[in-house]
Amino acid sequence: MTTLDVFRAPESVAVVGATDNPAKWGHWLARGAVAGAHRRRVHLVNTRGGQVLDHPALPDLDALPEVPDLVAFAVPAAALAGGVSQAVALGVPGLLAITAGVEDEAAIGDVIAASGTRLLGPNCLGLYDASSELALAWGRFTPGSLAIVSQSGQLGLEIAGMAASAGIGVSRFVSVGSQLDVSAAELLADLAHHEATRIVAVYLESFGDGERLLDALDHLREAGKPVLLLTVGASRAAQQAARSHTGSMTSGIDVVDAACRTVGAVRVDTPAQLVDTAQLLSRCAPVRGRRVAIVADSGGQGALAADTASRLGLTVAEFPPAVQERLADRLPPHAAVANPVDLAGAGEDDISTYASTPAVLADSSVTDAVVLSGYFGSYGRDIPEHQAAESQVARAIGSLAAERAIPVVVHSMAEHTETVQELHAAGVPTFADVEAALRAVATAHRFTQTPRPRAGRGPARERQVLPGSGYLAARRLLAGAGVPFPPAVGIAPGAPDPGGAMRSLSAPVVLKADWLEHKTEHRGVATGLVDTAALGAAYDDMVARLGSHGYVVEEMDRRTDVVEVIVAARRDPSFGPVVVVGAGGVQAELSQDLALELAPCSHDTAREVIRRLRSWPLLAGWRGKRPVDVDALAAVVVAVSELIADRGDIGEIELNPVRVSPDGALAVDALVIAVPTPDGPSTA
């Protein structure tokens, strides 16, 4: 038995804290254990002994006739540490700790770490496995193909309940709780070989070892099991506090999305979106593209569906004349045969129209999914004499979807009718809301996109001493990594005359306060200095205002058709280094136009990230301006991504702005922040 087999198919189970009181956890665990007694040996433990659920209860683990494979604890917090120690001493392979509010978790972790015992929890809602009929959790589960791994047990139960309402059962449910020992990543990796699981739902609030989690999600993708991920962190309050502009503008959600792109997982926003998408994935052929055909028996519903589809990024393309002619031959003269199709009462005259119209569209290769919206599903409910005919059409819709390998999705004004059940049985997903139907189509389509290649990360170099502090030192470091800068000369603190710096540079020049992180906020930059007199005056002003520190004189970039971009990198606690590209300059925080990927990234990935920016049209040539050198910008992105991935001592890098023109890219400000040490952070 492997390390996690005890949580999937134990041969014997003991429930500590078993009770007849249905308001207590020990009752639910005991009831689930007893229900699986035909699959495994079950032992109940209650300090009072006696009978629980008409089964004998023994006073403690030492009294059991054998060492069980799995022990589930539903005991007071103060009693958990002693129970774990007792189980470890007996050599129990697996422990499930429901108990919450444990103050000595660290001590329990030490006991587990020193043993061969694995612990799931504490502070969790338990686990369920349909294949082995293992039910050690609160609630009831319907067997099916959806696995749920959740850091919040109650949210996991909500997902399971919503899935059951949609006719989707659960193959496996695991509430991971505190992850004191067994991690979500381990449990997800284990699902790659779980035959009953076809789709995986994950809710996580923290990601721990991000690389290990991505490995697990990679295995699931390779096994053909799509992963729907739900998390938190999009709110401003959840964003990482950082000293650089990009650190404050990017959020944990940005990093999670980048991580998902590398392994083909899809992040969703709500449990409802998760379940809706799981319904489509479990019943339909893949959504190969963004084209959607809408068929409605109401002009208003069709128009709203079309607007919603466009808002969700789907394409509602007009059908070619030949397809419209085929539709017109089958529908009333006043029907609309463009996209969306308005049946105009045809379904009332001939209910088979609800199947024949999608069939025309499926056969014409004009769409990647058909959405049927409106009254279908209600005929049999409202007119019982029509139930047989409506059920027959429901089966026909399922047959055409299967035979043509194209998703057909039904938005029905009716819920839980016999026809809706027929549609489910025929493999047709149904929704009570057209936006939910279309959002499921859009979300499912994301699974057909090619995952971003995961760049190999060698071991980061050991902590080094950053070469000085300030802009000049950051320039040296980044230039050595391949980032281009204009020529520049440093002025030592206290220098009486900066004019000598002009001898090796071409005017005009820029004077910069070397040590300031955000120079413009302190008027630490003077531009357009054309001679030594102008440079001297600017220098005297800055020294008077800002102090006698180091300064930098740099050639001013005078190229035309320039777009300012920010290129940055930071280190995520779970997923490691990430690289960020965005609209740059002093208004970067106002535009909030950023795209992010895990680092290091390839040149092709860097180009794709740049194209995701809302400001991409400015780079591509806007209102007659020449396109900028995107390859030069991509090379800067790659260099920054490789530098932070290679240097484990660097916490953040920011180049703002990088001035990109048709003739190349030049960085004209740079900030490098070291990973904090016990003495505090430092900059280069």
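Let's start with glutamine 273. Buried or exposed? It is buried, with a relative accessible area of 8%. The cut-off for buried is under 20%, so glutamine 273 qualifies. You will find glutamine 273 in helix H9, which covers residues 271-283. Its side chain reaches the backbone nitrogen of aspartate 269, at 2.8 Å. Leaving out residues up to four places away in sequence, glutamine 273 touches Val268, Arg439 and Thr443.

Keep in mind that this is a predicted model. How confident is the predictor? The protein chain averages a pLDDT of 91. Of its residues, 93% score at least 70. One stretch to treat with care is residues 235-243, where pLDDT stays under 50. For that stretch, the model has 21 contacts beyond four places in sequence.

Now the whole chain. It has 684 residues, and 56% of them count as buried. There are 23 helices and 29 strands. The C-alpha trace spans about 95 × 80 × 35 Å along its principal axes. The chain exposes about 27800 Å², and carbon and sulfur atoms supply 51% of that area. Next, contacts. Take those with a separation of 6 or more: residues 24 or more positions apart account for 70% of them.

Where is glutamate 554? Its place is in strand S23, residues 551-555. What does its side chain meet? It makes a polar contact with the side chain of tyrosine 471, at 2.4 Å. Glutamate 554 also touches a list of residues beyond four places in sequence, including Arg475, Pro486, Pro487, Leu505 and Val668.

Next, helix H8. It runs over residues 252-263. At 1.5 Å a residue, its twelve residues should span 16 Å. The end C-alpha atoms are 17 Å apart, which agrees.

How many of the twelve residues of H8 are buried? Nine are, so H8 is largely enclosed by the rest of the structure. Among the buried ones are Ile253, Val255, Val256, Asp257 and Cys260. Ala258, Ala259, Thr262 and Val263 are buried as well. What covers them? The cover includes helix H6 (210-222) and strand S13 (227-231). It also includes strands S14 (266-268), S24 (563-572), S25 (576-583) and S26 (594-598). Just after H8 comes glycine 264, with a positive phi of about 75 degrees.

Two residues other than glycine are worth a look here. Aspartate 54 has a phi near 65 degrees, a positive value in a residue that is not glycine. Aspartate 54 sits in the loop between strand S3 (51-52) and strand S4 (55-58). It is exposed, with a relative accessible area of 73%. Histidine 416 also is not a glycine, and its phi is positive, about 60 degrees. Find histidine 416 in the loop between strand S18 (408-412) and helix H16 (418-425). At 59% relative accessibility, histidine 416 counts as exposed.

Now the cis peptide bonds. One joins glycine 121 and proline 122, with omega about -5 degrees. Proline 122 has its place in the loop between strand S7 (118-120) and strand S8 (126-129). Another cis bond joins asparagine 339 and proline 340, with omega about 15 degrees. Proline 340 lies in the loop between helix H11 (321-330) and strand S16 (341-342).

Last topic, the cysteines. A disulfide is a covalent bond between the sulfur atoms of two cysteines. How many disulfides does this model have? With a cut-off of 2.5 Å between sulfur atoms, the count comes to zero. Cysteine 124 is buried, at 2% relative accessibility. Cysteine 284 is buried too, with a relative accessible area of 16%.

To wrap up, go back to the two side chains. Glutamine 273 is buried in this model, and its side chain reaches the backbone of aspartate 269.

Technical notes: Residues are numbered from 1 along each chain as its sequence is written. Side-chain values use heavy atoms; hydrogens and water are left out. Helices (H or I, at least four residues) and strands (E, at least two) are DSSP runs, numbered from the N terminus. The expected span of a helix is 1.5 Å times one less than its number of residues. Buried means under 20% relative accessible area, exposed over 50%, partly exposed in between (1.4 Å probe, protein chains only). Contact means heavy atoms within 4.5 Å. pLDDT is the predictor's confidence in each residue, from 0 to 100. A polar contact is a pair of N or O atoms within 3.5 Å; within protein, one must be able to donate a hydrogen and the other to accept it, and residues adjacent in sequence count only if both atoms are side-chain atoms. Accessible areas come from the Shrake-Rupley method with a 1.4 Å probe; for residues, only the protein chains shown count as cover.
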